[in-house]
There are 2 protein chains.
Amino acid sequence: MHETTARTDEANRTAIERVLASEPWLVAVKPAGEVVPGLAPNMILHAAPPIAGAEVAGVLRGALVGAALSEGLAASAEDAEAALAAGTIVLGAAQDHGAMAGGAGSITASAPVLVVEDRVSGRRAFHFLMEGFGRALVLGMYDEEVERRLTWMRDELAPALDRALRELGGVDVRAIIAEALRRGDELHNRNAAATSMLVGLLAPAIAGEPVAIRGPVFAFLAGNPQFFVGVSLAAARLALDAGHGVEGSSLLTAVGANGRECAIKVSGLGEAWFTAPAEVPAGVYFDGHGPADAGAAIGDSFAVECAGLGASALCAAPALWPLVGADEARARAIDHDLRRITLAEHPRYRVPMLDDGGVPTGIDVLRVAQLGIRPVIDIAMTHREPGRGMIGFGLTSPPAACFERAAHALRARVA
Amino acid sequence: MHETTARTDEANRTAIERVLASEPWLVAVKPAGEVVPGLAPNMILHAAPPIAGAEVAGVLRGALVGAALSEGLAASAEDAEAALAAGTIVLGAAQDHGAMAGGAGSITASAPVLVVEDRVSGRRAFHFLMEGFGRALVLGMYDEEVERRLTWMRDELAPALDRALRELGGVDVRAIIAEALRRGDELHNRNAAATSMLVGLLAPAIAGEPVAIRGPVFAFLAGNPQFFVGVSLAAARLALDAGHGVEGSSLLTAVGANGRECAIKVSGLGEAWFTAPAEVPAGVYFDGHGPADAGAAIGDSFAVECAGLGASALCAAPALWPLVGADEARARAIDHDLRRITLAEHPRYRVPMLDDGGVPTGIDVLRVAQLGIRPVIDIAMTHREPGRGMIGFGLTSPPAACFERAAHALRARVA
């Protein structure tokens, strides 16, 4: 038992050092089919874990039907449902492709994705462009208004952002995140300052676009303070990917929920997902909604917290506290608990209110299983029925069973 | 005594309601000579209170010589010194002209000023364009590098900003300040988020400028996270001006320090300045500097705190705490104390960490005199000798004697 621990500690040191060394840069915006590994034209990538088309329910079902229609994989909602059930539209977990799908969002071949590159390893990660809140495919809603916006994003916004990023030689994501933590963002459900900084960096290049392009681009970004979340998710993917594949390491390197199940991957356990039924978040509901409306958690954004941001940096974002049903005491308690189950303080991502202490980063699944303390995720809550969208913000956690199963597998492998 | 109090309370209610109702919009950037009332071509406006040219010392002396040279009021430093001593260059307190001069900065006829307009009253207030830190006239330093930047600001930056503001129909300053408080600014020595938001709002219009103009403009703003401070000071002037001139009111409506004396005005006491020797701030010194280097406080920015921002909102800006030698306990203590000497909580300017409570706004000079609790100002500390610039950030207060003298005059007038 002691030897096991020493080997695990050594492996975890290696894994977390790689996580902390990650240097994410936003370098391009490209059609997913050009850049996401293994993304076939008839595929839709969604939040982990993988799920069969016939089993998809709730908000993700509406989202996948919408994605199929938007991508032209089906001519009607009925066709899309049939193709999903038959498997002619193939589903995949974005995190199995180095990509991320926040919320009920999805990635299809023609959809533009943010390309975030790790300057240390050259590894890349991807996330779709955040549409904003309201009626949006990321919330599983699809209609003419949604499609019009998606078409404009694909045909106008994405190429303009890509040209701007090429002109600028990319944008230093780590620097934005570090400063955004000093400006009240936690980089999951509050990205207002980070988005504002990104706009400032892109502005000189976007300014070179014709007014018919730059006008709507500036207006879209100004009205979308969550735009940076896609960058944050891709950066989290890169950081955790950097720590993946270290034999013996108990570092959580992937996590997501698909509205039905939640699952995690572990650095030393290859590509296996350790799965359990997803929990329903609790939080603060928009007017007219309550707990009975809430669906199980959905989104790859769980990974943001496990990379040290989101609720793991909740002390940085007091403006978010009332929205998720927290306060200073809760934010401090989450921080305190996390330090018992994480492997390091991030040297770059610091929280002024915590005496500039680094955010707790890198979940040790063995410690979670042993202590019963789980990571806390702040999350947009969606309606349990397809097409009803968002109903509030709340807090949730990956189920204990995910960690117990992973810990069991780790012990079996290391023994 | 009781009757006096009742009359004062009524007058103070009137005064503070006007302060809180102020709706500042940034509407233009113009040469000061075109817009600042009573600004003659041979004048230099500086931080209050008024001071005779022969008496000017320390950092302000270097700053006024620099301003005289930059404005072409003197051919050499010696000429400038002589003209200041002789009174052929006329000095004035910016706050006596509806304007503000932060730090050792000054306003001359050809220098561009931000024009901030109160949508309620149509009243206007003005502040020069913040050059940034380092070698800058605002810190009393003047050389070829400083002059080159000022020339570019006058000839390129100011007209471009003015065109942008005209195209946009102005910018809602109150909305920026309210959101910046949620993004870690206190709007005096931390304006990073507000500046970033301002850039985002201006960007679509600046984008229409030729690349030779917009390129340097975007670069300048990106490198100058304190740029918004001029807007904040002008907005503070507007808010306090709105409450000025209410018979019987003990509301502080102007305050500044000129590196030698500090002074305040009171709503019910007309244009009289109540003056006392300025205190030397204490705080955190840059490497190589210490308390012996520090000059007495300087700048009209004291008014920011008295309008509810700056150190009055220090709980909003944890990233600033270590820079001024504070921490959460100190920030909370300042807030707690201020609530005993202020007339209201601001309904729009709220601090997430304080359960979204409004900032304590409007200093009651009678309560200050009675309780011995003074407003706290977070301030850039300058060297005691001319031309040596900034040596750190710290905290200070207007001297107790200012309040005692004003309280005495109030009691005499009301009795």
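Which order do the four strands of the open sheet in chain B take, and is the pairing parallel or antiparallel? The order is β10-β9-β8-β12, and the pairing is antiparallel. The legends below refer to a predicted model, in which local features need pLDDT of at least 70, side-chain atom pairs count only at pLDDT 80 or more, and totals for chains, interfaces and linings use all residues. Residues are numbered from 1 along each chain as its sequence is written, and chains are lettered from A and ligands numbered from 1 in the order in which they are written.

**Figure 1. The open sheet of four strands in chain B.** Strands are DSSP runs of E with at least two residues, helices are runs of H or I with at least four residues, and both are numbered from the N terminus. Two strands pair if DSSP finds at least two bridges between them. The edge strands of chain B here are β10 (274-277) and β12 (298-299), each of which pairs on one side only. Strand β8 (residues 252-258) and strand β9 (residues 261-266) of chain B run antiparallel and are joined by five bridges. Opposite B:A257 stands B:C262 of β9(B).

**Figure 2. The open sheet of five strands in chain A.** The strand order is β4-β6-β5-β1-β7, with mixed pairing. At the edges are β4 (99-100) and β7 (171-172) of chain A, each pairing on one side only. Two bridges connect β4(A) with strand β6 (residues 124-128) of chain A, and these run parallel. A:A99 has A:F126 as its bridge partner in β6(A).

**Figure 3. Strand β5 (residues 112-118) of chain B and the strands paired with it.** β5(B) is mostly covered, with seven of its seven residues buried. A residue counts as buried if 20 or more other C-beta atoms lie within 10 Å of its own, as exposed if 12 or fewer do, and as partly exposed in between, with C-beta atoms placed from the backbone. B:P112, B:L114, B:V116 and B:D118 point one way from the strand, B:V113, B:V115 and B:E117 point the other way, and all are buried. Strand β1 (residues 24-31) of chain B runs antiparallel to β5(B) and is joined to it by seven bridges; B:P31 is bridged to B:P112. β5(B) also pairs with strand β6 (residues 124-128) of chain B, in the antiparallel sense over five bridges, with B:R124 as the bridge partner of B:E117. The hairpin of β5(B) and β6(B) has five residues between the strands, and B:G122 takes a positive phi near 80° there.

**Figure 4. Helices α7 (residues 192-206) and α8 (residues 211-222) of chain B.** The two helices pack at an angle of about 170°, with their axes 11 Å apart. Axes are lines fitted to C-alpha atoms, for helices over the stretch in contact, and angles run from 0 to 180 degrees between N-to-C directions. The helices are therefore roughly antiparallel, the term for angles over 145 degrees. B:T195, B:V199 and B:I206 of α7(B) meet B:R214, B:V217, B:F218 and B:L221 of α8(B). Two residues are in contact if their C-beta atoms, placed from the backbone, lie within 7 Å. By class, the helix contact has five nonpolar, one polar and one charged residues. Ala, Val, Leu, Ile, Met, Phe, Trp, Tyr, Cys and Pro count as nonpolar, Asp, Glu, Lys and Arg as charged, and the others, Gly among them, as polar.

**Figure 5. The contact between chain B and chain A.** Each chain is represented in the contact, with 25 residues from chain B and 25 residues from chain A. On the side of chain B that touches chain A, α7, α8 and α11 (321-324) give two or more residues each, and α7(B) gives the most, with nine residues. This side divides into 16 nonpolar, four polar and five charged residues.

Figure 6. In chain B, the peptide bond from B:A48 to B:P49 is cis, with omega near -5°. A:L187, not a glycine, has a positive phi of about 75° and is buried, with 32 other C-beta atoms within 10 Å. A:D355, also not a glycine, has a positive phi of about 55°, but counts as exposed, with 12 C-beta neighbours inside 10 Å.

Definitions and conventions:
Angles under 35 degrees count as roughly parallel, over 145 as roughly antiparallel, 65 to 115 as roughly perpendicular and the rest as oblique.
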